[in-house]
Amino acid sequence: TILPAVLRFHLHPQVNVALQANRQQVVLYLPKGRPWRFDIQGAHVELEDSVYLEGETSARSRQIVARLPEFRARRGQPAERRALWSLQQLDTAPKG
């Protein structure tokens, strides 16, 4: 059996994002303050559209989608995969 796994991190509409070339980092730009870097190991990242809901209103937003490699489950083995992620505030915006 092949088991796919996807992690989704939905963002606020005021957050702008930039996918880095290595597809394992995303820089998040908030309206005020320094940028943040989302970093993940064990998955490849894509950016996709999303919808932000607040009360009875909605707004377009973005989401970080982390796709883990496919895993072929075998009888008698635990179906365990890991993706380690972190969020770090940056001093300045990175290049590239």
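## Asn16 and strand β2

In this predicted model, strand β2 spans residues 16-19 and includes Asn16. Asn16 is exposed, because its relative accessible area of 51% is over the 50% cut-off. Beyond its neighbours within four places in sequence, Asn16 is in contact with Val27, Leu28 and Tyr29.

Strand β3 (residues 25-29) and strand β4 (residues 36-41) run antiparallel and are joined by 4 bridges. Val27 has Arg37 as its bridge partner in β4. The hairpin of β3 and β4 has 6 residues between the strands, and Gly33 in this hairpin adopts a positive phi near 95 degrees.

Strand β4 also pairs with strand β7 (residues 84-89), in the antiparallel sense and over 6 bridges. Here Ile40 is placed opposite Trp85 of β7.

## Gln63 in strand β6

Strand β6 covers residues 57-72 and contains Gln63. Gln63 counts as buried because its relative accessibility is 6%, under the 20% limit. The side chain of Gln63 reaches the backbone oxygen of Asp49 at 3.0 Å. Leaving aside neighbours within four places in sequence, the contacts of Gln63 include Arg8, Phe9 and His10, as well as Glu46, Leu47, Glu48, Asp49 and Ser50.

The whole structure holds 5 salt bridges. One of them joins the side chains of Arg67 and Glu46, with an N to O distance of 3.3 Å. This pair links distant parts of the chain, Arg67 in strand β6 and Glu46 in strand β5 (residues 44-54), which are 21 residues apart. Arg67 is partly exposed at 31% relative accessibility, and Glu46 is likewise partly exposed at 27%.

Arg67 also meets Glu48 in a salt bridge, at 3.0 Å from N to O. Glu48 belongs to strand β5 and Arg67 to strand β6, 19 residues apart. Glu48 counts as partly exposed, with 22% relative accessibility. Between Arg62 and Asp49 there is a further salt bridge, whose closest N and O atoms are 2.6 Å apart. Because Arg62 lies in strand β6 and Asp49 in strand β5, this pair ties together parts 13 residues apart in sequence. Arg62 is partly exposed at 28% relative accessibility, whereas Asp49 is exposed at 60%. Through shared partners, salt bridges join Arg8, Arg23, Glu46, Glu48 and Arg67 into one network.

Technical notes. Residues are numbered from 1 along each chain as its sequence is written. This is a predicted model: local features need pLDDT of at least 70, side-chain atom pairs count only at pLDDT 80 or more; totals for chains, interfaces and linings use all residues. Side-chain values use heavy atoms; hydrogens and water are left out. Helices (H or I, at least four residues) and strands (E, at least two) are DSSP runs, numbered from the N terminus. Buried means under 20% relative accessible area, exposed over 50%, partly exposed in between (1.4 Å probe, protein chains only). A polar contact is a pair of N or O atoms within 3.5 Å; within protein, one must be able to donate a hydrogen and the other to accept it, and residues adjacent in sequence count only if both atoms are side-chain atoms. Contact means heavy atoms within 4.5 Å. Two strands pair if DSSP finds at least two bridges between them. A salt bridge is a side-chain nitrogen of Lys or Arg within 4 Å of a carboxyl oxygen of Asp or Glu.
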